[in-house]
Amino acid sequence: MIKKFNAVNNELTDVIYSLITSLQCEKYRQVADRIEFCLPDAAIFKKRDDKEIVEKGFGSCLLKSYGIDNWEVSIIVNIKNCQQAKLTPREITAVILHELGHILNVPDLPDEPTFEFCFIHGIPFDHALLEQVQESNNLAREMYADSYAMQHGYGAELITTFHRQNENFDQKIGFCQQRIEQIQNPEWLGGKTISIKGNF
Ligand SMILES: [Zn+2]
């Protein structure tokens, strides 16, 4: 487990330590070492898109794969945006738990019928269908990540971070209403830990 913080962010360091402690259980032992927590200025961006994603929100989860068995995840907290929107430590925790959910509570999703997928399976390519499946898969990924934060008791704080994001920044929360309704649903969405073998 890698942490890249400085003394200015003592409050955040406490949050991260409590999350790291929660990852010490057997279930997550294999993946815990592949997760890095850091601030934007400590992150190495391989793609311009990644930097833009980090700049627009409170937290981001960047997956890096170097071959089928070798991957790492950087969970980046944009502390400047969190402070600008006056997030409380519990709200920041909710943001980080959501990002962890993208690794530790992943839904089983249908294959996306990309051009390549259709070619291999001998079926006609349909762009509208591809967009439809991608949209529903994206919604499912967000809902399962939300559910992870909710399972840890941070559902209410996660919802307030959606409102703060929408009030303070141009980039709005995707699927906001559907996600709020799901977080308020007492039923948890149980996913799996992201496959060590890759899949992304
Ligand atoms: Zn997300």
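What percentage of the 200 residues in the chain is buried? Buried residues, those with 20 or more other C-beta atoms (placed from the backbone) within 10 Å of their own, make up 29% of the chain.

This is a predicted model, in which local features need pLDDT of at least 70, side-chain atom pairs count only at pLDDT 80 or more, and totals for chains, interfaces and linings use all residues. Residues are numbered from 1 along each chain as its sequence is written.

View 1. Helices (H or I, at least four residues) and strands (E, at least two) are DSSP runs, numbered from the N terminus. Starting at that end, their order is β-α-α-β-α-β-β-α-α-α-α-α-α. Along the principal axes, the C-alpha atoms fill a box of roughly 55 × 35 × 35 Å.

**View 2. Helix α5 (residues 89–104) packs with helix α7 (residues 127–151).** Their axes, lines fitted to C-alpha atoms over the stretch in contact, are 7 Å apart and meet at an angle of about 125°, on a scale from 0 to 180 degrees between N-to-C directions.

**View 3. Look closely at where α5 meets α7.** From α5 come A94, L97, H98, L100, G101, H102 and L104, while α7 brings R141, Y144, A145, D146, S147, Y148 and A149. Contact here puts C-beta atoms, placed from the backbone, within 7 Å.

Terms used. Contact = placed C-beta atoms within 7 Å. Buried ≥ 20, exposed ≤ 12 C-beta atoms within 10 Å, placed from the backbone.
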